[in-house]
Amino acid sequence: MEGLFTTLSTLKTPEILAPVDNIHEAGDLLNAGAHWLYGGCLPASWSNRYPRTVIINRRTFSGAQIDSTHELAGIIALAMEVGGRFALTVNAPFYMDEQFEPVLELIRFAQEAGASAVIVADPGLMARIAQDGMRIPIHVSTMALASNASAVRLYLSLGAERIILPRFLGIEEIESLIRDFPDVDFETFLLVGKCPNIEGVCSFMHDSPDARWPCEWAYSVTGTDGGSPSEGVWSSVDGARTADRRDACGLCALPELLVSGVSTFKIVGRGAPTGRKTALIKALSEAIEAAQEVGPAEEWYARCRGIYRSLYGHACGAHNCYFPDMKETP
């Protein structure tokens, strides 16, 4: 562990990607330390045609959508003015053939406005972007489940330039994937939003900023014979039912992730208050800076625990840890 910190001082500083929902908060997020902003937009060409349950991206409530293409263009311009970048989120798990045109129209608009990337899950949409002759870089959404080398290879063949890794991957699995593709840009989650599900096969609608999804409800499991499930089954169930996506954290794993080659860290929270987002950006910036300064492992873990407590107001625990499989833990 100690050797990691020596290596960190020689590595390129990673970038932070943060969610944006409106132009009024864009400046605050960039000033807080975000290098990238990402967000979804619900254009009239889509909302006039489909009900709210037919999604263009994984958030459906209005507070998590940029209201208009006019505002989208403003956010992109604002980011560009200060050297930031914007990625448009169109990460529905799939689109029907008839839905491609309004999605492509939105992507064309974002590209012309200066967007730096588009976040996509549907391989069909990736193919259509190429067929349409668009040159906007494709970032593969975590919804696309690029969890193995073959999947990564497939998405690269469709024009992907960045892979957003699924949340359930452990440190060793991330290291293995990046080792296989040293020239590919990899992004992972570090704060908020530890999904109890495997997100690529989740069908729950994210239609409220306050709701707890069925996967987060408390429940118990009883065997078909009336007894308790085996320990292995129960520990897996218990890990999911006690998870809390709101206060998730993977800061302790920063040294390993940086050395493995992760280039960008993503903060979850489209639809969250601006103050919450800026606090998360600052906390992640502090942790990245600290990782390049501190020495012994225990000093690093203590620093992370302090950042976590100041951010969430309580101690961290296994239930909200992104990487509970770490060889060394606090």
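Are Trp46 and Tyr95 buried or exposed? Trp46 is buried, and Tyr95 is buried as well, where buried means under 20% relative accessible area, exposed over 50% and partly exposed in between (1.4 Å probe, protein chains only). The structure is a predicted model, in which local features need pLDDT of at least 70, side-chain atom pairs count only at pLDDT 80 or more, and totals for chains, interfaces and linings use all residues. Residues are numbered from 1 along each chain as its sequence is written, and side-chain values use heavy atoms, with hydrogens and water left out.

**Overall architecture**

- The protein chain contains twelve helices and nine strands; helices (H or I, at least four residues) and strands (E, at least two) are DSSP runs, numbered from the N terminus.
- The radius of gyration of the protein chain is 20 Å, close to the 20 Å that the globule rule gives for 330 residues, so the chain is as compact as a globular protein of that length. This radius is taken over C-alpha atoms, and the globule rule is 2.2 Å times the number of residues to the power 0.38.
- The C-alpha trace of the protein chain spans about 55 × 50 × 40 Å along its principal axes.
- Of the 330 residues in the protein chain, 49% are buried.
- Among contacts in the protein chain with a separation of 6 or more, 71% are between residues 24 or more positions apart; a contact means heavy atoms within 4.5 Å.

**Surface and charge**

- The protein chain exposes about 14,400 Å², of which carbon and sulfur atoms supply 52%. Accessible areas come from the Shrake-Rupley method with a 1.4 Å probe, and for residues only the protein chains shown count as cover.
- There are 27 positive and 40 negative side chains in the protein chain, and the centres of the two sets lie 3 Å apart. Lys and Arg count as positive and Asp and Glu as negative, while His and the chain ends are not counted; the place of a charge is NZ of Lys, CZ of Arg, CG of Asp or CD of Glu.

**Aromatic pairs**

- The whole structure holds five aromatic pairs. Rings of Phe, Tyr and Trp (its six-membered ring) pair if their centres lie within 6.5 Å; planes under 30 degrees apart count as stacked, over 60 as edge-to-face and the rest as tilted.
- Trp46 and Tyr50 form a tilted pair, with 4.6 Å centre to centre and 50° between the planes, and both residues are buried.
- Trp46 and Tyr95 form an edge-to-face pair, with 6.2 Å centre to centre and 85° between the planes.
- Trp46 lies in helix α3 (residues 44-47) and Tyr95 in the loop between β4 (85-90) and α5 (100-113), so this pair ties together parts that are 49 residues apart in sequence.
- Ring pairs link Trp46, Tyr50, Tyr95 and Phe100 into a cluster.

**Buried positions in helices and strands**

- Glu25 belongs to helix α2 (residues 23-32) and is buried at 2% relative accessibility. Leaving aside neighbours within four places in sequence, Glu25 is in contact with Pro19, Val20, Ala272, Thr274 and Lys277.
- Val120 is part of strand β5 (residues 117-120) and is buried at 0% relative accessibility.
- Not counting residues up to four places away in sequence, Val120 touches several residues, among them Val90, Leu125, Met126 and Ile138. The C-alpha atoms of Val120 and Ile138 are separated by 6.7 Å, and the two residues are 18 residues apart along the chain.
- Leu254 is found in helix α10 (residues 254-260) and is buried, with a relative accessible area of 0%. Beyond its neighbours within four places in sequence, Leu254 is in contact with Leu190, Phe265, Ala287, Ile288 and Trp300.

**Partly exposed and exposed positions**

- Leu145 sits in the loop between β6 (138-140) and α7 (149-157) and is partly exposed, with a relative accessible area of 22%. Although Leu145 is not a glycine, it has a positive phi of about 55°.
- Leu156 is found in helix α7 and is partly exposed at 28% relative accessibility. Its contacts, leaving aside neighbours within four places in sequence, are with Phe181 and Val184.
- Lys12 is located in the loop between α1 (2-8) and β1 (15-19) and is exposed at 75% relative accessibility. Lys12 and Gln65 are 53 residues apart in sequence and 32 Å apart in space, C-alpha to C-alpha.
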